[in-house]
Amino acid sequence: MRLSSLIPVLFTTTALAALRDKGVDWSSLLVEERAGKTYKNTAGQTQPLETILKNAGVNMVRQRIWVNPSDGNYNLDYNIKLAQRAKAAGLKIYLNFHYSDTWADPGKQGTPAAWRSLSRDALIQQLYDYTKNVCDTFQKNNIPLSIVSIGNEITPGLLFPTGQLSSSNGPRNVAALLKAASSAIKQSTLNPTPKIMIHLDNGWKWDTQQWWYDTVLGSGGGLTSADYDIQGVSYYPFYNSAATLSALGSSLSNMVRKYGKEVQVVETNWPTYCPNPRYQFPADVRQYPFSVDGQIQWMKAVAEKISGVGSLGTGIFYWEPAWIDNAGLGSSCGWNLMVTDQGQDMGSLGVFNSI
(Lines give C-alpha, C1' and ligand atoms only; values in the text may rest on other atoms or scores of the structure.)
Protein backbone atom coordinates (compact mmCIF):
# COMPACT_ATOMS: atom_id res chain seq x y z
CA MET A 1 0.00 0.00 0.00
CA ARG A 2 1.44 3.35 -1.00
CA LEU A 3 1.14 6.42 1.18
CA SER A 4 -0.20 8.48 -1.71
CA SER A 5 -3.21 6.19 -1.98
CA LEU A 6 -4.16 6.82 1.65
CA ILE A 7 -3.99 10.60 1.82
CA PRO A 8 -7.28 11.41 0.00
CA VAL A 9 -9.17 9.13 2.41
CA LEU A 10 -7.45 10.46 5.51
CA PHE A 11 -8.00 14.11 4.67
CA THR A 12 -11.76 13.59 4.76
CA THR A 13 -11.62 13.61 8.57
CA THR A 14 -11.25 17.38 8.84
CA ALA A 15 -12.17 17.47 12.53
CA LEU A 16 -8.78 15.97 13.37
CA ALA A 17 -6.80 18.85 11.91
CA ALA A 18 -7.15 20.78 15.17
CA LEU A 19 -4.47 18.76 16.96
CA ARG A 20 -1.31 20.83 17.30
CA ASP A 21 1.14 18.06 18.17
CA LYS A 22 1.19 14.90 16.05
CA GLY A 23 4.04 12.65 16.90
CA VAL A 24 5.75 9.37 17.63
CA ASP A 25 8.23 8.11 20.18
CA TRP A 26 11.39 7.28 18.29
CA SER A 27 13.72 6.74 21.26
CA SER A 28 15.10 3.40 20.07
CA LEU A 29 16.31 4.67 16.67
CA LEU A 30 20.05 4.86 17.44
CA VAL A 31 19.98 1.40 19.06
CA GLU A 32 18.28 -0.03 15.97
CA GLU A 33 20.68 1.65 13.59
CA ARG A 34 23.68 0.30 15.50
CA ALA A 35 22.13 -3.14 15.06
CA GLY A 36 22.17 -2.61 11.29
CA LYS A 37 18.53 -1.63 10.79
CA THR A 38 17.55 0.80 8.03
CA TYR A 39 14.17 2.24 7.08
CA LYS A 40 12.34 2.59 3.79
CA ASN A 41 9.35 4.65 2.74
CA THR A 42 6.29 3.13 1.09
CA ALA A 43 8.01 3.39 -2.28
CA GLY A 44 10.81 1.15 -1.04
CA GLN A 45 13.44 3.92 -0.91
CA THR A 46 15.88 3.82 2.01
CA GLN A 47 15.71 7.11 3.92
CA PRO A 48 16.55 8.41 7.40
CA LEU A 49 13.64 7.67 9.71
CA GLU A 50 13.22 11.38 10.44
CA THR A 51 12.63 12.03 6.74
CA ILE A 52 10.00 9.31 6.54
CA LEU A 53 8.28 10.63 9.67
CA LYS A 54 8.30 14.22 8.47
CA ASN A 55 6.88 13.26 5.08
CA ALA A 56 4.18 11.20 6.79
CA GLY A 57 2.88 14.24 8.67
CA VAL A 58 4.65 13.81 12.01
CA ASN A 59 5.65 17.19 13.48
CA MET A 60 7.12 16.17 16.86
CA VAL A 61 9.21 13.29 18.20
CA ARG A 62 9.24 12.01 21.77
CA GLN A 63 12.49 10.87 23.40
CA ARG A 64 12.99 9.11 26.76
CA ILE A 65 15.97 10.09 28.88
CA TRP A 66 17.50 7.92 31.59
CA VAL A 67 19.95 9.23 34.20
CA ASN A 68 22.87 6.77 34.06
CA PRO A 69 21.97 3.62 32.10
CA SER A 70 24.58 0.87 32.22
CA ASP A 71 25.01 0.75 28.43
CA GLY A 72 24.63 4.48 27.77
CA ASN A 73 21.47 4.06 25.74
CA TYR A 74 18.96 6.86 26.35
CA ASN A 75 21.35 8.97 28.45
CA LEU A 76 21.89 12.69 27.88
CA ASP A 77 24.53 12.29 25.15
CA TYR A 78 22.31 9.80 23.32
CA ASN A 79 19.40 12.23 23.46
CA ILE A 80 21.44 15.17 22.21
CA LYS A 81 22.54 13.15 19.16
CA LEU A 82 18.99 12.03 18.45
CA ALA A 83 17.53 15.50 18.96
CA GLN A 84 20.06 17.07 16.60
CA ARG A 85 18.68 14.88 13.83
CA ALA A 86 15.11 15.81 14.71
CA LYS A 87 15.93 19.51 14.65
CA ALA A 88 17.72 19.22 11.30
CA ALA A 89 14.63 17.54 9.86
CA GLY A 90 12.33 20.29 11.14
CA LEU A 91 10.72 18.16 13.83
CA LYS A 92 9.85 19.51 17.27
CA ILE A 93 11.15 17.64 20.32
CA TYR A 94 9.36 16.33 23.41
CA LEU A 95 11.79 15.16 26.11
CA ASN A 96 10.45 12.52 28.48
CA PHE A 97 12.31 12.32 31.82
CA HIS A 98 12.13 8.88 33.45
CA TYR A 99 14.19 9.97 36.48
CA SER A 100 15.69 6.51 36.67
CA ASP A 101 18.66 4.59 35.28
CA THR A 102 16.21 2.36 33.41
CA TRP A 103 12.49 2.08 32.68
CA ALA A 104 10.13 4.03 34.93
CA ASP A 105 6.45 3.12 34.63
CA PRO A 106 3.49 2.17 36.85
CA GLY A 107 5.25 -1.03 37.89
CA LYS A 108 8.58 0.54 38.84
CA GLN A 109 9.93 3.99 39.63
CA GLY A 110 13.46 3.23 40.74
CA THR A 111 15.68 6.00 42.06
CA PRO A 112 18.98 6.28 40.12
CA ALA A 113 21.74 4.34 41.87
CA ALA A 114 23.85 7.42 42.55
CA TRP A 115 20.93 9.15 44.29
CA ARG A 116 19.70 6.35 46.55
CA SER A 117 21.55 7.37 49.71
CA LEU A 118 20.30 10.96 49.59
CA SER A 119 17.97 12.39 52.20
CA ARG A 120 14.58 13.71 51.12
CA ASP A 121 15.75 17.30 50.85
CA ALA A 122 18.97 16.34 49.11
CA LEU A 123 17.03 14.21 46.62
CA ILE A 124 14.77 17.16 45.80
CA GLN A 125 17.84 19.33 45.21
CA GLN A 126 19.49 16.62 43.11
CA LEU A 127 16.38 16.36 40.95
CA TYR A 128 16.42 20.11 40.43
CA ASP A 129 20.12 20.16 39.56
CA TYR A 130 19.89 17.23 37.18
CA THR A 131 16.82 18.55 35.37
CA LYS A 132 18.34 22.01 35.00
CA ASN A 133 21.64 20.60 33.71
CA VAL A 134 19.86 18.54 31.05
CA CYS A 135 17.82 21.55 29.92
CA ASP A 136 20.88 23.83 29.91
CA THR A 137 22.78 21.25 27.84
CA PHE A 138 20.05 21.25 25.20
CA GLN A 139 20.23 25.03 25.08
CA LYS A 140 24.05 24.97 24.78
CA ASN A 141 23.60 22.72 21.77
CA ASN A 142 21.01 25.13 20.36
CA ILE A 143 18.27 22.49 20.47
CA PRO A 144 14.87 23.83 21.53
CA LEU A 145 12.44 21.65 23.44
CA SER A 146 8.71 22.02 22.87
CA ILE A 147 7.50 19.73 25.68
CA VAL A 148 9.23 18.33 28.74
CA SER A 149 7.55 15.59 30.77
CA ILE A 150 8.59 15.52 34.45
CA GLY A 151 8.33 11.78 34.91
CA ASN A 152 6.94 8.87 32.94
CA GLU A 153 3.59 7.30 33.92
CA ILE A 154 3.98 8.49 37.51
CA THR A 155 0.56 7.35 38.74
CA PRO A 156 2.18 5.50 41.70
CA GLY A 157 4.69 8.32 42.23
CA LEU A 158 8.35 8.64 41.30
CA LEU A 159 11.80 8.12 42.80
CA PHE A 160 10.80 5.32 45.17
CA PRO A 161 10.71 5.05 48.12
CA THR A 162 10.78 8.80 48.83
CA GLY A 163 8.18 9.65 46.20
CA GLN A 164 5.98 6.60 46.57
CA LEU A 165 2.41 7.89 46.74
CA SER A 166 1.20 5.04 48.93
CA SER A 167 3.60 5.95 51.75
CA SER A 168 2.56 8.24 54.60
CA ASN A 169 4.40 11.31 53.28
CA GLY A 170 4.19 10.21 49.66
CA PRO A 171 1.81 12.83 48.26
CA ARG A 172 3.72 15.70 49.83
CA ASN A 173 7.05 14.30 48.61
CA VAL A 174 5.74 13.75 45.09
CA ALA A 175 4.51 17.35 44.99
CA ALA A 176 7.86 18.66 46.23
CA LEU A 177 9.81 16.60 43.69
CA LEU A 178 7.62 17.73 40.79
CA LYS A 179 7.81 21.35 41.99
CA ALA A 180 11.60 21.11 41.88
CA ALA A 181 11.57 19.61 38.39
CA SER A 182 9.18 22.26 37.09
CA SER A 183 11.23 25.07 38.66
CA ALA A 184 14.40 23.69 37.11
CA ILE A 185 12.88 23.81 33.63
CA LYS A 186 11.57 27.33 34.10
CA GLN A 187 14.87 28.54 35.58
CA SER A 188 17.02 26.85 32.95
CA THR A 189 18.49 28.69 30.00
CA LEU A 190 16.04 27.07 27.58
CA ASN A 191 14.56 29.77 25.41
CA PRO A 192 11.68 29.62 24.76
CA THR A 193 10.57 27.74 27.87
CA PRO A 194 8.95 24.44 26.86
CA LYS A 195 5.51 23.35 27.98
CA ILE A 196 5.71 21.18 31.09
CA MET A 197 3.78 17.91 31.22
CA ILE A 198 2.66 15.54 33.96
CA HIS A 199 2.14 12.05 32.52
CA LEU A 200 -0.04 9.32 34.05
CA ASP A 201 -1.16 5.95 32.70
CA ASN A 202 -4.75 4.70 32.25
CA GLY A 203 -6.01 7.86 30.63
CA TRP A 204 -9.42 6.25 30.20
CA LYS A 205 -9.91 6.00 33.97
CA TRP A 206 -11.25 9.35 35.18
CA ASP A 207 -11.39 8.38 38.85
CA THR A 208 -7.65 7.62 38.78
CA GLN A 209 -6.81 10.91 37.10
CA GLN A 210 -8.97 12.87 39.53
CA TRP A 211 -7.61 11.06 42.59
CA TRP A 212 -4.03 11.68 41.54
CA TYR A 213 -4.27 15.41 40.81
CA ASP A 214 -6.46 16.17 43.81
CA THR A 215 -4.16 14.18 46.10
CA VAL A 216 -0.89 15.67 44.90
CA LEU A 217 -2.08 19.24 44.39
CA GLY A 218 -3.77 19.19 47.77
CA SER A 219 -0.84 17.67 49.68
CA GLY A 220 0.83 20.89 50.77
CA GLY A 221 4.04 19.90 48.99
CA GLY A 222 4.19 23.06 46.92
CA LEU A 223 3.02 21.89 43.50
CA THR A 224 0.32 24.09 41.99
CA SER A 225 -1.53 24.17 38.70
CA ALA A 226 0.84 26.93 37.58
CA ASP A 227 3.72 24.44 37.59
CA TYR A 228 2.57 22.44 34.57
CA ASP A 229 0.79 23.02 31.26
CA ILE A 230 -0.24 19.61 29.91
CA GLN A 231 -1.87 16.54 31.41
CA GLY A 232 -0.51 13.65 29.36
CA VAL A 233 -1.96 10.14 29.49
CA SER A 234 -1.21 6.70 28.13
CA TYR A 235 -4.08 4.83 26.50
CA TYR A 236 -3.70 1.21 25.47
CA PRO A 237 -6.74 -0.88 24.51
CA PHE A 238 -5.29 -4.32 25.18
CA TYR A 239 -4.64 -4.34 28.95
CA ASN A 240 -8.17 -3.88 30.31
CA SER A 241 -11.58 -4.59 28.82
CA ALA A 242 -12.89 -1.44 30.54
CA ALA A 243 -10.49 0.79 28.59
CA THR A 244 -13.12 1.84 26.07
CA LEU A 245 -12.85 4.74 23.67
CA SER A 246 -15.98 6.11 25.28
CA ALA A 247 -14.31 6.08 28.70
CA LEU A 248 -11.26 7.85 27.25
CA GLY A 249 -13.43 10.61 25.80
CA SER A 250 -15.28 11.08 29.09
CA SER A 251 -12.05 11.11 31.09
CA LEU A 252 -10.39 13.71 28.87
CA SER A 253 -13.50 15.89 28.92
CA ASN A 254 -13.65 15.70 32.72
CA MET A 255 -9.97 16.58 33.01
CA VAL A 256 -10.40 19.66 30.85
CA ARG A 257 -13.54 20.69 32.69
CA LYS A 258 -12.02 20.37 36.17
CA TYR A 259 -8.38 21.38 35.65
CA GLY A 260 -8.42 23.57 32.54
CA LYS A 261 -5.15 22.19 31.18
CA GLU A 262 -4.18 20.88 27.76
CA VAL A 263 -4.68 17.13 27.44
CA GLN A 264 -2.73 14.77 25.20
CA VAL A 265 -2.60 11.02 24.60
CA VAL A 266 1.16 10.59 24.61
CA GLU A 267 1.27 6.80 24.31
CA THR A 268 -1.01 4.59 22.27
CA ASN A 269 -0.71 1.92 19.58
CA TRP A 270 -2.68 -0.73 17.72
CA PRO A 271 -1.67 -4.20 16.47
CA THR A 272 -1.65 -5.55 12.95
CA TYR A 273 -1.21 -9.08 14.34
CA CYS A 274 -2.70 -10.35 17.60
CA PRO A 275 -3.64 -14.04 17.50
CA ASN A 276 -3.66 -14.64 21.29
CA PRO A 277 -4.42 -11.45 23.27
CA ARG A 278 -3.92 -11.89 27.00
CA TYR A 279 -6.89 -9.67 27.86
CA GLN A 280 -10.23 -9.09 26.20
CA PHE A 281 -10.34 -5.98 24.04
CA PRO A 282 -12.92 -3.36 25.10
CA ALA A 283 -16.31 -3.70 23.42
CA ASP A 284 -16.21 -0.45 21.46
CA VAL A 285 -12.79 -1.08 19.91
CA ARG A 286 -13.42 -4.57 18.53
CA GLN A 287 -14.64 -3.08 15.26
CA TYR A 288 -11.07 -2.12 14.33
CA PRO A 289 -9.24 -4.84 12.38
CA PHE A 290 -5.75 -6.05 13.19
CA SER A 291 -4.28 -4.58 10.04
CA VAL A 292 -2.60 -1.52 8.57
CA ASP A 293 -6.02 -0.05 7.90
CA GLY A 294 -6.97 -0.87 11.47
CA GLN A 295 -4.02 1.18 12.72
CA ILE A 296 -5.20 4.12 10.63
CA GLN A 297 -8.74 3.78 11.94
CA TRP A 298 -7.47 3.50 15.51
CA MET A 299 -5.35 6.63 15.39
CA LYS A 300 -8.19 8.58 13.85
CA ALA A 301 -10.60 7.34 16.54
CA VAL A 302 -8.26 8.29 19.39
CA ALA A 303 -7.54 11.66 17.80
CA GLU A 304 -11.26 12.32 17.55
CA LYS A 305 -11.62 11.77 21.31
CA ILE A 306 -8.80 14.23 21.95
CA SER A 307 -10.05 16.93 19.58
CA GLY A 308 -13.55 16.32 20.91
CA VAL A 309 -12.71 18.13 24.15
CA GLY A 310 -12.14 21.38 22.23
CA SER A 311 -9.09 23.59 21.89
CA LEU A 312 -7.37 22.07 24.95
CA GLY A 313 -7.09 18.68 23.24
CA THR A 314 -3.71 19.27 21.62
CA GLY A 315 -1.73 16.13 20.85
CA ILE A 316 -1.35 12.44 20.08
CA PHE A 317 1.78 10.26 20.05
CA TYR A 318 2.32 6.67 18.87
CA TRP A 319 4.63 4.47 20.96
CA GLU A 320 7.08 3.30 19.24
CA PRO A 321 6.21 2.70 15.56
CA ALA A 322 9.68 1.71 14.30
CA TRP A 323 11.16 -0.38 17.12
CA ILE A 324 11.70 -3.44 14.95
CA ASP A 325 13.37 -5.53 17.66
CA ASN A 326 10.40 -5.04 19.98
CA ALA A 327 7.48 -5.57 17.61
CA GLY A 328 4.90 -6.35 20.30
CA LEU A 329 5.76 -3.14 22.17
CA GLY A 330 5.13 -4.74 25.52
CA SER A 331 1.68 -6.07 24.65
CA SER A 332 0.56 -9.66 24.12
CA CYS A 333 0.04 -8.86 20.43
CA GLY A 334 2.58 -9.88 17.84
CA TRP A 335 3.06 -6.70 15.82
CA ASN A 336 2.20 -3.14 16.87
CA LEU A 337 4.69 -1.36 14.62
CA MET A 338 3.96 0.91 11.67
CA VAL A 339 6.79 -0.63 9.66
CA THR A 340 7.43 -4.16 8.38
CA ASP A 341 10.23 -6.37 9.66
CA GLN A 342 12.19 -5.13 6.66
CA GLY A 343 11.95 -1.57 7.97
CA GLN A 344 9.52 -0.40 5.30
CA ASP A 345 6.75 2.04 6.16
CA MET A 346 3.49 0.07 5.93
CA GLY A 347 1.49 3.19 5.12
CA SER A 348 -0.18 3.62 8.52
CA LEU A 349 2.31 6.37 9.32
CA GLY A 350 0.44 8.44 6.77
CA VAL A 351 -2.43 8.88 9.24
CA PHE A 352 -0.52 11.83 10.71
CA ASN A 353 -1.18 13.78 7.54
CA SER A 354 -4.85 13.89 8.49
CA ILE A 355 -4.75 14.69 12.20
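Accessible areas here come from the Shrake-Rupley method with a 1.4 Å probe. By that method, the protein exposes about 13200 Å². Carbon and sulfur atoms supply 49% of this area. The model is a predicted one.

Start with the overall build. The protein has nine helices and eight strands. Its radius of gyration is 19 Å, close to the 20 Å that the globule rule gives for 355 residues, so the protein is as compact as a globular protein of that length. The C-alpha trace spans about 55 × 40 × 35 Å along its principal axes. Of the 355 residues, 59% count as buried. Among contacts with a separation of 6 or more, 77% are between residues 24 or more positions apart. Charges come next. There are 30 positive and 27 negative ones, and their mean positions are 3 Å apart.

Now go inside. In soluble globular proteins, nonpolar side chains tend to be buried together. The largest nonpolar core of this protein has 110 residues. Phe138, Ile198, Trp212, Tyr235 and Phe352 have the most contacts inside it. Helix 6, residues 170-186, gives the most to this core, with nine residues. Another core lies apart from it and has seven residues, among them Tyr94, Ile147, Ile230 and Val266.

Take a closer look at Phe352. Leaving aside residues up to four places away in sequence, Phe352 touches Lys22, Gly23, Val24, Ala56, Gly57 and Val58 as well as Met299, Tyr318 and Met338.

The loop between strand 4 (147-150) and helix 6 holds Pro161. A cis peptide bond joins Phe160 to Pro161, with omega about 5°. Glu153 is in the loop between strand 4 and helix 6 too. Its phi is near 50°, a positive value in a residue other than glycine. Is Glu153 buried or exposed? Its relative accessible area is 9%, so Glu153 is buried.

Beyond helix 6, the loop to strand 5 (195-200) holds Pro192. Asn191 and Pro192 are joined by a cis peptide bond, again with omega about 5°.

Next comes the loop between strand 5 and helix 7 (206-217), where Asn202 is found. Asn202 is not a glycine, yet its phi is positive, about 50°. With a relative accessible area of 30%, Asn202 is partly exposed.

Finish at helix 9, residues 292-307, which contains Val292. Val292 has a relative accessible area of 18%, so it counts as buried. Val292 and Thr272 are 20 residues apart in sequence, and their C-alpha atoms are 6.0 Å apart in space.

Technical notes. Residues numbered from 1 in each chain as written. Predicted model: local features only at pLDDT ≥ 70, side-chain atom pairs only at ≥ 80, totals over all residues. Heavy atoms only, no water. Helix = DSSP H or I, 4+ residues; strand = E, 2+ residues; numbered from the N terminus. Rg over C-alpha atoms; globule rule 2.2 N^0.38 Å. Buried < 20%, exposed > 50% of the residue type's maximum accessible area, 1.4 Å probe, protein only. Contact = heavy atoms within 4.5 Å. Lys, Arg positive; Asp, Glu negative; His and termini not counted. Charge placed at Lys NZ, Arg CZ, Asp CG, Glu CD. Core = buried A, V, L, I, M, F, W, Y, C linked by side-chain atoms within 4.5 Å.
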